[in-house]
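The structure is shown first.

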Amino acid sequence: MGEANDNGCIQNEQEEPDKQETGFTRTQKLTLLSVSFVSFANFVSFSIMAPFFPVAASNKGASDTVIGLIFGLTALLMFLSSPILGKFLPHIGAKTMYLAGVFICGSCDIIFGFLDRLPDTTQFTAFCFVVRSIEAFGAAAATTASFAIIAQTFPNNLAAVFGFLEIFQGLGFIIGPPLGGYLYSVGGYTLPFVVLGGCAILIALCNILILPPLTDGGKPESGSILQLLRIPSTTVTGACVLASAIALTFMEPTLAKHLQKYNIDETEVGLMFLASAGTYTISSVFWGWITDKKNIPKLLMIFGNIGAAAACLYLGPSPLLTTENTGLWMVILALALLGLSVGCLLVPTFHDMITTAKWYGMPDNYGTYGVVSGVYTSLYALGSFVGPTIGGALDQSYGFGWACTVLAAIYLFAAFVLILFCLWEYQCGKGRRLSPYHEEQMALNGKYSELVSLKTSTLTQLDR
């Protein structure tokens, strides 16, 4: 029979033997399997239409501006809706919101696959916006709920599991475009969306049985977004989430044009994008493991910002560097460094936001996980919208070299602010927080008085 722990979380005694053998309980295994497949499907959905939709929409009479807005609409609406969904997640239920979001996304994908049969441009573009808007709401629900589920299910391995999920998300971005191009060549406009949507609905139906019941054992209570934002560290870490999303997306409208001077074909351009996406995907688990093992999320964010700045300077290359004409090898190295650096910058952020929220007195329940997940998803979506926008604008106005220079300056400034913030936070006694793993170790070692003293000092000084 299950018992509630001190935090109100349900533990199952029957799962302990399995946990001793593998490190994860049966519930954790099933949850990780479910969220991994859904993360992969979601990110394939974001990227599958890139190779063919611009041409198909142009043939229907849509302008380049409208096509760009159709692509960017998902991120913008996720930015707006994610905090609201996170606020109400405890009342809706994490599993219900999660599965409903996946089902909405799959249904919208199938509907989107038949929009090319509409007779005129106005109807086509209008329904594109409507369907993408509904899909954005579903994606926000699924993503926000999935992060909350991970936070609740893996309190001692949060960053490592988050890094593991980044592999599936990265694979989704990598596989999506070639898969979309192949399905389009085989079956036309409709086939890619029907296949993807059908798979998403099938995953949702399977997860009704696979995904275990998810509850924190207490009365559903909404978390406080204002209380979360009132914590100083939330602002700093949130800025790193925003910067990470910008770094991953600002090249979408600019890199292909920049690579034209190297006389490479479209296939080779696609492989160049893999240089950053691949290193980011592969390194994510390592950064998650380091975060959980050493509990140094802020230090990793500092190194990530510095690495991203260096990568942008050499990717341009920046006019500030003495050598302006670099070979293709330098671009490849810069893209690889950018992927590694963004992994170092992004992977620790969710762990840091969850740990900080609980350390500053927010309860250990789905209310807190919901608002943190909502804010996190919102900031990442905002960065995904801002990245291509400012990347294209800076490239058009000042050229690719200066665009990368501006981004490098942003990351150097972010690293400088992080360093100052860490010095202030720890000097004032507000940053001496511990991860759930380190709290558990202190309790096991009998250091209750030291643990209580640290938390009391943190809360007292925050209230001043």
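## Aromatic contacts

F52, F53, F112, F124, Y184, Y189 and F193 come together as one aromatic cluster. The model is a predicted one. Across the structure there are 20 aromatic pairs. One of the pairs joins F350 and Y376, whose ring centres are 5.3 Å apart. The planes of these two rings stand at 70 degrees, and since over 60 counts as edge-to-face, the pair is of that kind.

F350 belongs to helix α14 (residues 328–359), while Y376 belongs to helix α15 (residues 366–398). The pair therefore ties together parts that are 26 residues apart in sequence. What is the relative accessible area of F350? The value is 0%, so F350 is buried. Y376 also counts as buried, because its relative accessibility of 2% is under 20%.

## Cysteines

How many disulfides does a search of the whole structure find? The search returns zero. For C105, the nearest cysteine sulfur is that of C108, at 6.9 Å. A disulfide needs two cysteine sulfur atoms within 2.5 Å, so C105 is in none.

Is C105 buried or exposed? With a relative accessibility of 5%, C105 counts as buried. C128 is buried as well, at a relative accessible area of 0%.

| Residue | Relative accessible area | Class |
|---|---|---|
| C105 | 5% | buried |
| C128 | 0% | buried |
| F350 | 0% | buried |
| Y376 | 2% | buried |

## Cavities

Rolling a probe the size of a water molecule over the atoms shows where empty space is left. In this model, four cavities have a volume of 30 Å³ or more. The largest cavity has a volume of about 90 Å³.

Which residues line the largest cavity? They are V35, V38, S39, N42, F43, Y98, A142, T143, S146, F147, L165 and Q169. Helices α2 (26–47), α6 (121–153) and α7 (158–187) each contribute at least two residues to this lining. The most comes from α2, which supplies five residues.

By residue class, the lining of the largest cavity has seven nonpolar and five polar residues, and no charged ones.

Methods
Residues numbered from 1 in each chain as written. Predicted model: local features only at pLDDT ≥ 70, side-chain atom pairs only at ≥ 80, totals over all residues. Heavy atoms only, no water. 1 Å grid on protein atoms, 1.4 Å probe; cavity = no way out; pocket = protein on both sides within 12 Å on 5 of 7 lines; lining within 4 Å. Points joined across faces, edges and corners; volume = space filled by probe spheres on them. Helix = DSSP H or I, 4+ residues; strand = E, 2+ residues; numbered from the N terminus. Nonpolar A, V, L, I, M, F, W, Y, C, P; charged D, E, K, R; others polar. Buried < 20%, exposed > 50% of the residue type's maximum accessible area, 1.4 Å probe, protein only. Phe/Tyr/Trp six-rings, centres within 6.5 Å; stacked < 30°, edge-to-face > 60°.
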